[in-house]
Amino acid sequence: MKISIIGTGYVGLVSGVCLASKGHNVTCYDNNDEVVDSLNSGTPTFYETGLQQMLASVLKHQKFGAKLISNGTDFDSELLIIAVGTPSKNGKINLSYIKKVSESIGKYLKLNNNFISVVVKSTVIPGTTDTVVRNVLEKFSGKRLGEFGLGMNPEFLREGNAIDDFMEPDRIILGYDDKKTLKLLKKLYEPWDCDKIFVNTRTAEMIKYANNILLATQISTTNELANIATAIEGIDIMDVMNGVYADRRWSPILNDSTRISPDILTYLVPGCGFGGSCFPKDVKALRSKSYEVGVEPKILDAILAVNESQPYQVIKLLENSLLDLNNKRIMLLGLAFKPGTDDVRESVSLKIINYLLKNKTKILAHDPIAIDNSKKVVGKNKNLEFINDWKDNLSSVDAILVATKWEEYKKLSSAKYQDELNGKVLFDIRRFFTPKDFPKSVYLTIGRSI
Ligand code: NAD
């Protein structure tokens, strides 16, 4: 199939190269010419495991190309997929990129006599595809729905695991409002053999929000439990959670008595809150929609309130331990919102940096791949130094904060570093270690006041 994907960020590009690897002819469009040039020369504009190799392969087999979108773009495809960003603006979803792209597509539809389907892959509030997108397409094409098709295919890939998630999905949600689009969507995903769920476009849109919000609920609830346990004293929340995980409804016991430890348990680990480009904005977007339709979103309010205050739990514990943050030297390990990506959107580490800088704390910040992106967000400050090697700097700091679970930070617990860490605060923000890993340090973490 000839496919056009508009928006070549984490979702658009990964989808593009994966669909191309299955034999489709894919053209990815972006409005950023540097992105387009970079992709055509085989260099992805962000880090994702396996992406560079896959991009090289689909370019070599002439299954993939990138182009700059323009006012009169001739998309030359039977299926157009919209994958531009839908960020948060004042707590509401910002659909300006979606509208702009829909306008370009509408103009293309006007000049084209073939039946073409437009499928939204971006995360959008229920009702967006069949109202906002449809209206813009109809306005600029002069055609009615039926003369073109509409679909909604939410994406569930996780950054850091995106290629595997796309190539081996747990399910594919196919939302459609007309039979011809359903047929095209079936053809698009024919090479994938997994559960395919067929629904209308609104349901498809809502599935994505329900999915993310239930995961965010678990994170915030676990963090609140951790904060309560800290205040009660004498409890380590990880001991509590290990007792909870053993419930067979969380980790089922098979007939041969072995126990499954599902991925869902990783959302039941206390920490400094969720960040990233999806959870915060998605919860906010549905909360705003909920108010708009007259439903008070009590739980969504609570998820966000807990999450917004959780980074301050880190600061509070750090202040208690160091007594004064002013003029202290702190090493922050991990800037990406999670391991496996260089994405720092809504990264909790950057919130912690901003708070510490207000206190004139000297910060040494490290990340294996997210330093460049962090620099763009936080800018220059004489008290903030980005370092390429954390091992060289351990002896010069008062405290070390481990904020992203990069595998290389596991080395901190090796015997080699214990003398250097002697008497220093080791703040395990994400529960990457156990207290026993740092016998000579002041071990701090979320949910433990023993
Ligand atoms: P992104 O910001 O990484 O990429 C968006 C791309 O769209 C950019 O390259 C930008 O230059 C391009 N763009 C913006 N306006 C354009 C225009 N008018 N014409 C052409 N290109 C344009 O965004 P992302 O992380 O890939 O997210 C895209 C959507 O997918 C969002 O709705 C997001 O919520 C959803 N989503 C993201 C993830 C994820 O892990 N990142 C997972 C699932 C769903």
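Residues are numbered from 1 along each chain as its sequence is written, and side-chain values use heavy atoms, with hydrogens and water left out. Because the model is predicted, local features need pLDDT of at least 70 and side-chain atom pairs count only at pLDDT 80 or more, whereas totals for chains, interfaces and linings use all residues.

The ligand is surrounded by 26 residues, the closest being Val11, Asp30, Thr86, Glu159 and Lys281; a residue is counted as near a molecule if one of its heavy atoms lies within 4 Å of it. An N or O atom in the side chain of Arg345 is 3.0 Å from an oxygen atom of the ligand.

The elements that give two or more residues to the shell around the ligand are helix H1 (10-21) and helix H4 (96-111). H4 gives the most, with three residues. Helices (H or I, at least four residues) and strands (E, at least two) are DSSP runs numbered from the N terminus. By class, the shell consists of ten nonpolar, nine polar and seven charged residues. In this classification Ala, Val, Leu, Ile, Met, Phe, Trp, Tyr, Cys and Pro are nonpolar, Asp, Glu, Lys and Arg are charged, and the others, Gly among them, are polar. Domain 1 (2-199) and domain 2 (212-445) each supply at least three residues to the shell, with domain bounds taken from an automatic or database domain assignment.

Strand S12 (362-366) has five of its five residues buried, so it is largely enclosed by the rest of the structure. Buried means under 20% relative accessible area, exposed over 50%, and partly exposed in between (1.4 Å probe, protein chains only). Lys362, Leu364 and His366 point one way from S12, while Ile363 and Ala365 point the other way. S12 pairs with S11 in the parallel sense over five bridges; two strands pair if DSSP finds at least two bridges between them. Within this pairing, Leu332 stands opposite Ala365 in S12.

Strand S15 (residues 425-428) also has buried residues on both faces, with Val425 and Phe427 pointing one way and Leu426 and Asp428 the other way. S15 pairs in the parallel sense over four bridges with strand S14 (residues 399-402), and likewise in the parallel sense over four bridges with strand S16 (residues 442-445). Asp428 takes part in bridges on both sides: Asp428 is the bridge partner of Val402, and Thr445 in S16 is the bridge partner of Asp428.

Several loop residues were also examined. Asn112 is found in the loop between H4 and strand S7 (117-120) and counts as buried at 14% relative accessibility. The side chain of Asn112 makes a polar contact with the side chain of Tyr108 at 3.1 Å. A polar contact is a pair of N or O atoms within 3.5 Å; within protein, one must be able to donate a hydrogen and the other to accept it, and residues adjacent in sequence count only if both atoms are side-chain atoms. A polar atom of the Asn112 side chain also lies 3.0 Å from the backbone nitrogen of Asn114.

Asp178, in the loop between strand S9 (171-176) and helix H7 (179-188), is buried, with a relative accessible area of 13%. The C-alpha atom of Asp178 is separated by 8.4 Å from that of Leu145, 33 residues apart along the chain. Ile369 lies in the loop between S12 and helix H13 (371-378) and is partly exposed at 32% relative accessibility.

Phi of Gln62 is near 55°; Gln62 lies in the loop between helix H3 (51-60) and strand S3 (64-68) and is exposed at 69% relative accessibility. Glu346 has a positive phi of about 55°. Glu346 is placed in the loop between strand S11 (329-333) and helix H12 (348-358) and is partly exposed, with a relative accessible area of 36%.
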